Structure formats: C-alpha cells, structure tokens
Amino acid sequence: MLKAIHKAAATHSLEKEEIVQLLQTTDCDSLLFETADSLREKYVGNFVHLRGLIEFSNICKQNCLYCGLRRENHNVQRYRLTTEEILDFAGKARSYGYRTVVLQSGEDDYFTVDKMQYIIRKIKELDLAITLSVGEKSTSEYSAYKEAGADRYLLRIETTDRALYERLDPGMSFVNRMRCLQDLKALGYEVGTGSLVGLPGQTVESLADDILFFKQLNADMIGIGPFIPNPDTPLAAASGGSFEMSLKVMAITRLLLPDINIPATTAMETLNRQGRVIALQSGANVVMPNVTEGDYRKFYALYPGKICINDTPAHCRGCITGKITAIGRSISEDYGFRGKCCPL
C-alpha cells in the first residue's frame with residue numbers, strides 16, 4: 001500500500017482495487033494522512049477558508065431515511081427564517097470576517113426562485129461569495145440562482161450505489177441527482193458534493209466508487225462525513241459510520257483531487273472531540289462555522305450530538321480561529337475559490 005500512496009501523490013490517480021485496499025488496511029494510515037496533508041499544503045497552502053453557515057429552513061419535502069429533517073419526522077420543531085433574518089445573519093457573518101456564506105436548508109418550496117434571487121442579490125451587496133445547499137432543482141432554477149450571483153452549489157451524492165441511494169431516498173431518482181450535478185457544472189458553478197460514510201448496506205467497494213466519481217466529476221469541493229443515526233428516523237438502530245473511515249475517504253480524495261476545497265465537517269467532531277483539527281491535519285482546508293443564531297441551531301437536527309448548538313456565532317468564530325492558529329495555520333481573507341491559497 002506504500003506504493004499506492006506514492007503513486008497517488010505523484011499521479012493523482014488510483015485504480016478501484018487500490019482504493020479498496022487502502023480503505024481496508026490500517027497499516028499505512030499515518031502515511032496516508034501525512035501525504036494528504038502534504039498535498040494540501042503544496043496545492044492550496046496553509047490557509048483555512050471559513051464559510052459562515054446559515055441554516056435558514058428545516059422544512060423538507062423529501063423523506064430520506066437517514067435524515068432528521070425528513071418529511072415524516074414529526075418530532076422535530078420546524079422553522080423557516082424570514083428574509084430579514086437571513087440577511088441579518090449574513091451581515092453579521094460579514095462583520096465577523098467571513099468572505100463566504102453557505103445558505104443551507106431542507107427542500108422547502110416556500111423559497112421560490114424570486115425569493116431566492118432577492119436574497120442572493122442582497123447578500124452579494126455585502127461583498128460575500130455565496131454557496132447554496134438547497135437540494136434538487138430544475139435546470140432553470142439553478143440558472144436563475146447563478147444569474148442572481150450564486151457562486152457555488154453543494155449537493156452531496158451521499159452514495160454512488162444507485163440501488164442503495166434509491167432505497168435510502170424513497171421517491172427520489174439517482175438519475176435526477178446526477179442530472180442536477182451535471183447541470184451545476186455546465187452552468188459554471190463551483191460544485192460541491194460528497195458522501196455519507198457508514199450507511200447501512202454500504203460497502204468498501206461503493207466508497208471507492210464514490211471517490212472515483214468525485215474525480216470523474218472533477219468536483220470543486222468534497223464534503224465527507226460519517227453517518228450518525230438519528231433516533232427519529234427509520235435508521236435509528238443502525239450502527240453508523242466511523243470517524244476513522246471517514247477520515248480515510250477524505251484523505252484519499254485529497255490525493256486524487258489535490259487542489260480542491262475539502263471541509264473538516266462538524267459530523268467528524270461529533271464523533272471525535274478533536275475531529276476538525278485532525279481533519280485539517282489530514283487533507284482538509286475548509287471549516288464551516290454556524291452563524292445561525294438562537295434556538296434555530298438545535299432545531300436543524302440532522303443527527304444527534306451536533307456540536308456547538310448552544311454557542312453564539314461570535315464564540316464559534318473565536319473558537320475555531322484559536323484551533324486553526326494553534327496548529328500553525330492561518331485564516332484566509334479571500335473568497336476561497338478552488339486552488340486559491342493566498343489571501344487578497
């Protein structure tokens with residue numbers, strides 16, 4: 001496996017069988033993480049990009065078996081931010097020094113194209129880059145968001161195993177999910193995707209397929225996180241994913257796509273108290289602190305044990321800055337587009 005790691009570092013390519021072997025063995029984990037960190041430094045530098053996360057609605061029309069926001073979960077308290085609240089949180093994010101905000105929600109049809117275009121245009125006036133994470137939309141809707149000023153779009157594939165995808169996402173189409181990602185690339189977005197690690201029925205081979213799909217798509221950002229069972233979902237009794245396997249999938253992704261943005265996800269820190277720092281030392285270069293205020297944080301209940309739900313945005317900004325500087329990294333002052341390693 002040493003040979004495979006050196007090959008990936010030099011050529012940014014691996015065969016599926018090599019990826020499977022890397023995922024299955026623990027003998028070379030230290031070298032894998034060190035190599036991913038070295039490539040991260042070489043291609044994107046020692047700056048960490050912060051994205052301010054605004055979770056503006058936990059209402060969702062979809063019914064994914066693994067998600068706490070699923071339509072049939074009647075135990076979650078639903079909310080929807082007003083336009084004024086969204087813009088207020090975005091303005092505060094700018095005042096804290098963020099250069100990007102991530103607008104994330106369930107698939108809530110209340111937010112029409114006109115409403116979203118208005119919100120996007122007003123936030124662009126704050127000199128912020130905008131990432132949207134609002135699910136599956138039509139080509140024309142994606143085009144309208146882009147025309148209004150959206151820069152990036154995050155739509156995780158979750159798994160490239162079509163049968164598993166359609167079993168865990170009832171009423172949804174794997175083909176349509178792929179269509180969405182292709183549309184986003186064609187429209188000129190920076191495209192983010194990713195997968196859940198440890199889904200029931202997921203194999204190491206399908207995780208290898210996920211990584212190869214990221215490479216084929218030439219995605220600009222990849223978010224990897226462990227599946228954490230939510231007690232208010234049909235998968236409450238599932239065993240869930242591991243921090244270690246999620247970290248390995250993330251590190252191998254860095255080897256194959258050395259110049260992309262990779263977040264140290266909050267789900268990793270839910271399983272390991274130092275999860276985001278470890279991820280930043282194993283190939284990640286992005287953190288997405290929550291800038292949503294008040295009880296809304298705990299109501300956006302994707303999974304149990306979510307970190308920082310009782311913190312203020314100002315505290316989160318200070319906390320993560322301290323962790324980043326403690327490991328010798330710096331906070332980027334630019335918008336954090338792919339391949340950028342230096343502040344403005």
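Is glutamate 166 buried, partly exposed or exposed? Select glutamate 166: at 31% relative accessibility it counts as partly exposed. Here buried means under 20% relative accessible area, exposed over 50%, and partly exposed in between (1.4 Å probe, protein chains only).

Before moving on, note that this is a predicted model: local features need pLDDT of at least 70, side-chain atom pairs count only at pLDDT 80 or more, and totals for chains, interfaces and linings use all residues. Residues are numbered from 1 along each chain as its sequence is written, and side-chain values use heavy atoms, with hydrogens and water left out.

**Stop 1: helix 7**

A salt bridge is a side-chain nitrogen of Lys or Arg within 4 Å of a carboxyl oxygen of Asp or Glu. Both residues lie in helix 7 (residues 162-168), four residues apart, about one turn of the helix. Helices (H or I, at least four residues) and strands (E, at least two) are DSSP runs, numbered from the N terminus. Arginine 162 is partly exposed, with a relative accessible area of 43%.

**Stop 2: helices 1 and 2**

Go to lysine 7 and glutamate 18. They form a salt bridge, the closest N and O atoms being 3.0 Å apart. This pair links distant parts of the chain: lysine 7 sits in helix 1 (residues 2-11), glutamate 18 in helix 2 (residues 16-24), eleven residues apart. Lysine 7 is partly exposed, at a relative accessible area of 29%.

**Stop 3**

Select lysine 298 and aspartate 295. Their side chains meet in a salt bridge of 3.7 Å, N to O. Lysine 298 is partly exposed at 42% relative accessible area, and aspartate 295 is partly exposed at 46%. Now pick Lys185, Asp220, Asp259 and Arg338: salt bridges that share partners join them into one network. A search of the whole structure finds 26 salt bridges.

**Stop 4: a cavity**

The structure holds three cavities of 30 Å³ or more. A cavity is a set of points, on a 1 Å grid over the protein atoms alone, where a 1.4 Å probe fits but cannot get out; lining residues have an atom within 4 Å of a point.

Show Leu50, Tyr98, Arg99, Ser332 and Asp334. Among the 13 residues lining the second largest cavity, these lie nearest its centre. The volume of this cavity is about 70 Å³. Colour strand 1 (residues 47-57): it gives the largest share of the lining, three residues.

How values were computed:
On a 1 Å grid over the protein atoms alone, a cavity is a set of points where a 1.4 Å probe fits but cannot get out, and a pocket is an open set with protein on both sides within 12 Å along at least five of seven lines; lining residues have an atom within 4 Å of a point. Grid points are joined across faces, edges and corners, and a volume is the space filled by probe spheres set on the points.
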